[in-house]
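Please open the model in your viewer and keep the sequence panel beside it, so that each selection can be followed in both places. The tour goes from one stop to the next, and at each stop there is something to select.

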Amino acid sequence: KIVDAHNTPFANEHALVTLFVARMSANASPWGAVSTATEFYYQRGRTDIVACTPDDLVIAIEAKLQDWRTALHQAFRNRCFAHRSYVLLPKPIALRAHRYAAEFQRRLVGLCYLDNAEIVLLHDAVLCEPVEPWLSSRARTHIQSVGAAE
């Protein structure tokens with residue numbers, strides 16, 4: 001494992017996202033079997049990972065290597081279409097961010113990291129109805145179209 005100056009084994013955000021999606025796709029997610037896609041674009045931004053559970057719940061995940069505050073803001077924004085929204089960080093940064101668990105709780109956003117390629121939930125996201133259900137439908141369509149293309 002190569003560790004950079006920030007004590008993270010990930011060379012870049014893409015590497016973190018790729019490994020996380022691989023774990024989710026291997027049915028090793030805390031949410032059970034999910035369908036996934038990356039790079040979901042919508043009017044307010046771009047979500048790194050979107051997933052859909054068998055009961056049609058949409059999960060959004062914002063990944064960052066360092067800046068957990070920006071990721072938290074983005075994850076909160078993703079609640080407009082997601083039933084659950086999370087911040088994904090490398091383990092050392094996630095443990096540091098977890099000191100501010102009240103900020104995550106206040107925004108109903110979860111916090112997770114990968115530990116030896118296993119997904120660990122430090123703080124679970126609160127299940128909420130999306131403010132914009134039509135956007136949830138768009139996220140599901142994006143997941144289906146990406147899955148069909150692979």
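Begin by selecting Asp56, which is found in the loop between E2 and E3, where helices (H or I, at least four residues) and strands (E, at least two) are DSSP runs, numbered from the N terminus. Residues are numbered from 1 along each chain as its sequence is written. This is a predicted model, in which local features need pLDDT of at least 70 and side-chain atom pairs count only at pLDDT 80 or more, while totals for chains, interfaces and linings use all residues, and side-chain values use heavy atoms, with hydrogens and water left out.

Asp56 has a positive phi of about 70 degrees although it is not a glycine. Most residues other than glycine have a negative phi. Asp56 is partly exposed, with a relative accessible area of 43%; here buried means under 20% relative accessible area, exposed over 50%, and partly exposed in between (1.4 Å probe, protein chains only).

Now select Glu39, whose place is in strand E1. Glu39 is not a glycine either, and its phi is positive, at about 55 degrees. With a relative accessible area of 33%, Glu39 is partly exposed.

**Stop two: the sheet**

Colour the strands next, and follow the open sheet that six of them form in the order E1-E2-E3-E4-E5-E6, with mixed pairing; two strands pair if DSSP finds at least two bridges between them. Strand E1 (35-42) and E6 stand at the edges with a single partner strand each, so one side of each is left without a neighbour in the sheet. On average, and with direction ignored, neighbouring strands of this sheet are turned by 35 degrees against each other.

Within the sheet, select strand E2 (residues 45-52) and strand E3 (residues 58-63), which pair in the antiparallel sense over four bridges. Ile49 stands opposite Ile61 in E3.

Helix H2 (residues 68-78) lies across E1, E2, E3 and E4, and runs at about 165 degrees to E4.

Move along to E5 and strand E6 (residues 118-123), which pair in the antiparallel sense over five bridges. These two strands form a hairpin with two residues between them, and Asn116 in the turn has a positive phi of about 50 degrees. The bridge partner of Asp115 in E6 is Glu118.

**Stop three: aromatic rings**

Show the side chains of Phe, Tyr and Trp. How many aromatic pairs does the structure hold? There are six aromatic pairs, counted where ring centres (for Trp, of the six-membered ring) lie within 6.5 Å; planes under 30 degrees apart count as stacked, over 60 as edge-to-face and the rest as tilted. The rings of Phe40 and Tyr42 have centres 5.8 Å apart and planes at 15 degrees, so this pair is stacked. Phe40 is buried at 2% relative accessibility, and Tyr42 is buried with a relative accessible area of 6%. Ring pairs link Phe40, Tyr42 and Phe81 into a cluster.

Then select Trp68 and Tyr100, whose ring centres are 5.2 Å apart with planes at 20 degrees, so that this pair is also stacked. Trp68 lies in helix H2 and Tyr100 in the loop between helix H3 (91-97) and H4, so the pair ties together parts that are 32 residues apart in sequence. Trp68 is buried, at 7%, whereas Tyr100 is partly exposed, at 37%.

**Stop four: His142**

Finish at His142, which lies in helix H5 (residues 133-149) and counts as buried at 19% relative accessibility.

Key. Axes are lines fitted to C-alpha atoms, for helices over the stretch in contact, and angles run from 0 to 180 degrees between N-to-C directions. Contact means heavy atoms within 4.5 Å.
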